[in-house]
Amino acid sequence: MDVPEVNQSWVEGWETGDIGFHRSGVHPVLKKHYEWLLAGRSPSKVFVPLCGKSVDMKWLYDQGHEIVGIEGAETAVQQFFDESKILFKISSIEDGLLKLYQSEDGRIRLYVGNYYNMPSTGESNFPAIWDRGSLEAIDIKEREKYVDVMTSLMSPGSRCLAEVVNRDDNRGPPFFITEEGMSNLFKGYSVKYLDKEEPVKGMPSFLKGFFLYSIERKE
Ligand SMILES: C[S@@+](CC[C@H](N)C(=O)[O-])C[C@H]1O[C@@H](n2cnc3c(N)ncnc32)[C@H](O)[C@@H]1O
């Protein structure tokens, strides 16, 4: 696959602390739709694409699950482990494209590098995926590649919750994506609009809130 480059503005944002998307608390829609995502599997294995330093990963880890994330900015991954106070070790993936930060018990594995290199990790068969602010973060022209990688990590019965931004212009990131756009990207999957979040005080005026979709592989 032709691998698009990680947009360096993300990495610079992490280095200068310009990370307005980061939430200090566990995402309310994750808590609300957690039972659907897990589908009764506990413990499960949850993939968190473009994971940043999301505190949702620590929360899921504390529920007993295995967590696998990938993130282009190493600073984010270092901050995740430091702030969660989880001891970790670092290794390099064989082809040198990715670095792996993993908790001492191996139950959290965060890869540093380009999302499109995820297949080289050998990680697969995720029953659950939590995509918060990630599909909307990548360039519109890369969406199909993004979804190809994601669906290659799913198997029959896999479920994904994806939260995307609601905005009425075509600028980004974060980029707007319609319900029809979601269904077209995940052809053959069950894609449903599940929930929404209203804008909150202090949010940039272009943001009209968020939409949450459920995506499920049936066969
Ligand atoms: C909007 S943030 C969402 C972060 C996280 N999911 C959360 O909920 O806080 C998008 C993240 O994707 C990362 N990113 C962007 N493009 C990437 C790529 N091609 N590969 C890996 N990470 C990438 C950025 O560094 C940033 O941390």
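**Exercise 1.** Which residues of the largest nonpolar core touch the most other members?

*Solution.* The model is predicted: local features need pLDDT of at least 70, side-chain atom pairs count only at pLDDT 80 or more, and totals for chains, interfaces and linings use all residues. Residues are numbered from 1 along each chain as its sequence is written.

Step 1. A nonpolar core is a set of buried Ala, Val, Leu, Ile, Met, Phe, Trp, Tyr and Cys residues joined through C-beta atoms within 7 Å; buried means that 20 or more other C-beta atoms, placed from the backbone, lie within 10 Å of a residue's own.

Step 2. The largest such core holds 49 residues, and Val46, Leu110 and Ile129 touch the most other members.

Step 3. Ile129 is in contact (C-beta atoms, placed from the backbone, within 7 Å) with Val46, Phe47, Met150 and Cys160, leaving aside neighbours within four places in sequence.

**Exercise 2.** Determine how the radius of gyration of the chain relates to that of a compact globule.

*Solution.* Step 1. The radius is taken over C-alpha atoms, and the globule rule is 2.2 Å times the number of residues to the power 0.38.

Step 2. For 219 residues a compact globule would have a radius near 17 Å; the chain has 16 Å, which agrees.

Step 3. The C-alpha trace spans about 45 × 45 × 35 Å along its principal axes, and 32% of the 219 residues count as buried.

**Exercise 3.** Describe the contacts of the chain by sequence separation.

*Solution.* Among contacts with a separation of 6 or more, 64% join residues 24 or more positions apart.

Key
Buried ≥ 20, exposed ≤ 12 C-beta atoms within 10 Å, placed from the backbone. Contact = placed C-beta atoms within 7 Å.
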